[in-house]
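Have the sequence and the model side by side. We will walk from whole chains down to single residues.

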Amino acid sequence: MTFGYILSIATFASIYAILILGLNILTGYTKQVSLGHAAFFAIGAYTQALLITKAGLTFWSALPLTILLSMIIGVVMGLPSLRVSDDFLVLTTIGLNFIVMGITEYFDFFGGAMGIIGITMPTIGGKSIGTTGYFLITLSFLLLTICICYLFSKTWGRLAMEATGEDEDAAQSLGINTSIYKMYAFALSSTFTGLAGVLWAHSIGSVFPRNFSFEMSVLFLSMLVFGGLGTIRGAVFGAFVLYILPEFFRFIENYRMLVYGGMLAMIVILQPNGILGRGGLLDRCILRLVKKKAETQEIS
Amino acid sequence: MRRFLCIVMVLMFVLCGLLSVDAMAQETVKIGFITPLTGFAAADGYSSLESAKLAVDYVNEHGGINGKKLELISYDDGCQPDQASALTRKLIENDKVAVVISGSYSSPSRAAAVICQQAKVPFTSTYAVHPSIVEAGEYCHRIGMAAPIQGRVGGYFAARELGAKRIALLIMNNDFGVSLAEAFKETALKLGAEIVYEKKYPLGETEFRSYLNAIKAADPDLLYAPGYYNEAANIVSQAREVGLRCWLMGDEGYDSPKFIELAKTAANGVFITTDLNRDSDRPMTRYFLEKYKERTNIDADMVGASGFDAVMLVSHILNKVGTKADDIIRYWDTIENFEDCATGPIITFQERSAIRPMDIQIVLNNQFRYFYRYYEPEIIYLNPPSGGK
Amino acid sequence: MLQVLLDAIVLGCSYALMAVGLNMVYGLLRIIHVAHAALYTLGAYVGLYCLLNLSQSLWISLFVGALFSAIVGVLMYRIIYSPALTAPRYVPLIAGAGVFIASQELFRLLAGPYPYSFDAHFQFLSIMTPNLRVTETQMLMITFMVVAFLCLFILINKTNLGLMWRACTQDMELAASSGININLIIAINFMIGSALAGSAGILMALYRNSVFPTMGAMVSYKAFVVIVLGGFGSIPGAAIAGIILAIAESFLGMVPIFNLPREAIAFLVMILVLMFKPKGLFGR
């Protein structure tokens, strides 16, 4: 009965989880705070929309191209990070968000203000898939992304990125080419974000410039920080909780964004590492639970 | 262990929240309504929702739907398409509404329309103009005016009635402004006018003096500036300030008492194309205008009127044919001369968009006044009927 | 042309007033104060309330609005920012964003979603010639900005308080160890910045004749651009950059081929400047 609704919420939450995992690589590992991630999101969604409606490709044939293009454009958009850092970079990313939105809104090639309509649902073997099918596709992409992120977090690359994030000069003195790793982070991040954009575009069926506004970027960064910067579990958790939370506040419809904003501020201040980040509230709870379990098992 | 229990309880609570199903749902006929109550579009959402509630009260006072009460279930989409699409699913599956009405902007309306088309539930948008909304399929209708018609009416009035030869365009860059401007331009050019200036500005812009100075230099007879009242109030008052002396013309987005309040005396003399005639003596229009003022303490606007009309029309259909989707749709396309609405009578539906006589109103003495009405089929029909010429 | 320039300068004044408050906070605490825009809206609403309910005078509503914003600004620092100062840099950023979202909703709930008219009557200078027009409101804005900046300049460069403030911006710990009450300085800093934001809100409400819940959003993005162009932490830089940005926007907006919205132009200019001068135009 409420199946479709829950599925649809879960689909969007999964899409955002993929995006936040991408943001996590950039902001969590290399500490390059991006307040313009909606721009990268828009690039994925728009590229896919254009490939489908103008070039007539299908979901599956357009997907690899879109991801490749997202990655390339992401690296290009990341180039300013070689010149500026810290707060200047934050503002540069905000700027990128507005510029991308302005371009999509003002150039007819990108549909302009009328947006791009008619991004059909993907098909498998000529058969159209329903909501459930699309959820499964999204979920499998999410699992794939988690796997890749997990594997990546075990590599030397992640260590180098974290070192770059902690102290760029020190990292350089250790022989890490920080420029390469910054770009590497932008590339990975925009790849995942582009993937999320593709999935989002298909599930809505249309894209409009205003769907990728600065408010979305704020939401994305909030999701990541809420869950726990620099951790995979935190990224996924943050995306799910912050996307689903306003839905629970539906019974106080009129006040829900007020509560949401206030809670966001409180939680970030009280739990700066995120609820599920290292040393976060839930993280400690779970650790304690696990420990207790281990103890009881030992006793028995 | 206790902590584990706590977590389980929280999860249970959460699930209950999600699955909350009304047990006594069968006594009423439900219609769903999605509208932005939070975010930048909150003002339009509020007008729309209050008017819809007003219409529901009216229907229930007059016998309801075949003896059953009409119930409006509304959700806030925050003007986000992903929320609109999830909420539409919720309305259809959880609340089991007979019809979904969108009192939201084009992007969320389009997302909702697609879901309704898939689920084969009748859908109607109120004031969203994007052509793709009704193109989603045969289950999707539009109560408001289609942009091509309104732009065309504006073009006829400017070029034929006012005789403007040199026209400047200042267009709000969203689907509303752009689609109106396209139709206006086509008509005006056909009628022999010339476009001397054209500029797009983004939603939320407040400073127009640099554009208006350029427009003044271009010396037009008329400035057509499709947009919403917030921006329009700034355009109009700044146009008077820079000393632009030409006709000013707007659209139904201006049609709100707030426009006059914000633009003050500068609003006087501005023409708008709309379908809400405040000088009308039709009982439904008077009822809407008076009750809305009583309910909310502010004067009604066009957005509200189309929300009201949507509920009135839907309840009329439900009364006639019951709640089966296919019957509703079949009947919907045959409706003719529907009078129980706040805007001009709906003559018919063409390409699933409402067709009605179009009004030109002028602001005089800080009030919208009736000025001119178009009945000609080649102007007010989406595709003029054959032989109508 | 002169007219366009003049209108742009007036617009620039509003940018500058916003940016200065933002930059003062940045200079002292190194946080990007997103919730600054909430104070702008707050000032406008309080001013409006005053005008409708307490007195017809613009001056009183301007004073009350600025005062109210100043108090709330200090409270905001005590409640939101001061616990987050030791945390990583993004924490105050997000906390500020949360407060900003909540504040917009609060204004909407308290005052309704519709825009209000800010209908104040006042007497002031104006210039009205066929070629050049400066309305009373425009004149008021320019005057206010000049007076505010002169006061601020004197306060910072000629008084003991200013000396202490400058010491704090150089090195907070060193300043504290030499006996400066840094909490007081930060509080005063927030007070002045917030009062400027609040009065900017009222002046813009008067200029645009509208007050609505989301009026702060656009201005806050603009203020970010201004502080980057002017150099983080530099007050005269912010003032000059605000006006330069408004002029650039107005004139670039008139060029037909440059078909981008104002915000995109502003940020494009900002990124280009950053590429060549990563510390801003007037940054140290």
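This is a predicted model: local features need pLDDT of at least 70, side-chain atom pairs count only at pLDDT 80 or more; totals for chains, interfaces and linings use all residues.

Residues are numbered from 1 along each chain as its sequence is written, chains are lettered from A and ligands numbered from 1 in the order in which they are written, and side-chain values use heavy atoms, with hydrogens and water left out.

Start with chain A. It holds 12 helices and 4 strands. Helices (H or I, at least four residues) and strands (E, at least two) are DSSP runs, numbered from the N terminus. The C-alpha atoms of chain A fill a box of roughly 65 × 55 × 40 Å along the principal axes. Of the 300 residues in chain A, 61% are buried. Buried means under 20% relative accessible area, exposed over 50%, and partly exposed in between (1.4 Å probe, protein chains only).

Now chain B. It has 14 helices and 14 strands. Its radius of gyration is 22 Å, close to the 21 Å from the globule rule for 389 residues, so chain B is as compact as a globular protein of that length. The C-alpha trace spans about 75 × 55 × 35 Å along its principal axes. Buried residues make up 65% of the 389 in chain B.

Next, find the sheet in chain B. It is open, with 7 strands in the order β7-β6-β8-β9-β10-β13-β14 and mixed pairing. Two strands pair if DSSP finds at least two bridges between them. The edge strands are β7 (194–201) and β14 of chain B, each pairing on one side only. From one strand to the next, the twist averages 25°. Strands β6 (residues 166–172) and β8 (residues 222–224) of chain B run parallel, joined by 3 bridges.

Strand β13 (residues 358–364) runs antiparallel to β14 (residues 367–374) in chain B, with 7 bridges between them. Gln361(B) has Tyr370(B) as its bridge partner. The hairpin has 2 residues between the strands, and Asn365(B) takes a positive phi near 50°.

Is Leu91(B) buried or exposed? Leu91(B) lies in helix α3 (residues 81–94) of chain B. At 0% relative accessibility, it counts as buried. Beyond four places in sequence, its contacts (heavy atoms within 4.5 Å) include Phe33(B), Ile34(B), Tyr75(B) and Val97(B).

Finally, return to chain A. The axes of helices α5 (residues 131–153) and α10 (residues 232–248) of chain A come within 10 Å and cross at roughly 150°. Axes are lines fitted to C-alpha atoms, for helices over the stretch in contact, and angles run from 0 to 180 degrees between N-to-C directions. The two helices are therefore roughly antiparallel. Angles under 35 degrees count as roughly parallel, over 145 as roughly antiparallel, 65 to 115 as roughly perpendicular and the rest as oblique. Residues of α5(A), including Leu142(A) and Ile146(A), meet Ile232(A), Val236(A) and Phe240(A) in α10(A).

Terms used
The radius of gyration is taken over C-alpha atoms; the globule rule is 2.2 Å times the number of residues to the power 0.38.
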